Amino acid sequence: MTVSHLLQAGFLLFSVGLAFFCFLLARRLRKLNDLETGLGGAIAVMTSEISRLERSIQAAKSEAMAATRGLADEIERAKEERAFWVLQKKFAENTAVGSGRLRRKRRAPAREMTNA
């Protein structure tokens, strides 16, 4: 056998091994692309899950916006009530201070008379 025959035999064995590898690779790719059990099925399931999650996100977003609007309304109502109570407190203090001064003025001459 010459070197040329040995190289041809090596190339022949390499080609047979490569053909077997390509056959196995093609078989695995067919299994992977199967729509029911392979990657195709997984992609189909993931696509349906993504659409379901998008709908859930939209629903949660609309609920959050409604809750935000409700909370903003409650905050405004609380601010109005606080302003009302502050005004009432100021009005009550002014009334109490005014009536207290009148009482003191009336009592002051009476105390002076009793001291004298």
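The model is predicted, with local features requiring pLDDT of at least 70 and side-chain atom pairs counting only at pLDDT 80 or more, while totals for chains, interfaces and linings use all residues. Residues are numbered from 1 along each chain as its sequence is written, and side-chain values use heavy atoms, with hydrogens and water left out.

The protein contains two helices and zero strands. Both element types are DSSP runs, numbered from the N terminus: helices are H or I runs of at least four residues, and strands are E runs of at least two. Helix H1 covers residues 3–32. Helix H2 covers 39–115.

Of the 116 residues in the protein, 3% are buried. Here buried means under 20% relative accessible area, exposed means over 50%, and partly exposed lies in between (1.4 Å probe, protein chains only). The accessible surface of the protein is about 10900 Å². Carbon and sulfur atoms account for 66% of that surface. Areas were computed by the Shrake-Rupley method with a 1.4 Å probe; for residues, only the protein chains shown count as cover.

Two surface patches are described next. Patches consist of residues with over 30% relative accessible area and no salt bridge; like charges are joined within 9 Å, and nonpolar side chains (Val, Leu, Ile, Met, Phe, Trp, Tyr) within 5 Å. A nonpolar patch of about 760 Å² is built from Phe-14, Leu-18, Phe-21, Leu-25, Leu-29, Leu-32, Leu-39 and Ile-43. H1 and H2 each contribute at least two residues to this patch. H1 gives the most, with six residues. Ile-43 belongs to helix H2. The relative accessible area of Ile-43 is 45%, so this residue is partly exposed.

A positive patch is also present, formed by Arg-27, Arg-28, Arg-30 and Lys-31. Lys and Arg count as positive and Asp and Glu as negative, whereas His and the chain ends are not counted. The place of a charge is taken as NZ of Lys, CZ of Arg, CG of Asp or CD of Glu. Arg-27 sits in helix H1. Arg-27 counts as partly exposed because its relative accessibility is 41%.

Three salt bridges occur in the structure. The criterion is a side-chain nitrogen of Lys or Arg within 4 Å of a carboxyl oxygen of Asp or Glu. Arg-52 pairs with Glu-49, with 2.8 Å between the closest N and O atoms. Arg-52 is partly exposed at 38% relative accessibility. Glu-49 is likewise partly exposed, at 34%.

Glu-74 and Arg-77 form another salt bridge, with an N to O distance of 2.6 Å. Both residues lie in helix H2, three residues apart, about one turn of the helix. Glu-74 is partly exposed at 44% relative accessibility. Arg-77 is partly exposed too, with a relative accessible area of 41%.

Lys-79 and Glu-76 are also joined by a salt bridge, with the closest N and O atoms 4.0 Å apart. Lys-79 and Glu-76 are three residues apart in helix H2, so their separation is about one helical turn. Lys-79 is exposed, at 53% relative accessible area.

One aromatic pair is found in the structure. The ring centres of Phe-84 and Trp-85 are 5.7 Å apart and the ring planes stand at 70°, so the arrangement is edge-to-face. Rings of Phe, Tyr and Trp (its six-membered ring) pair if their centres lie within 6.5 Å; planes under 30 degrees apart count as stacked, over 60 as edge-to-face and the rest as tilted. Phe-84 is partly exposed, with 46% relative accessible area. Trp-85 is exposed, with 54%.
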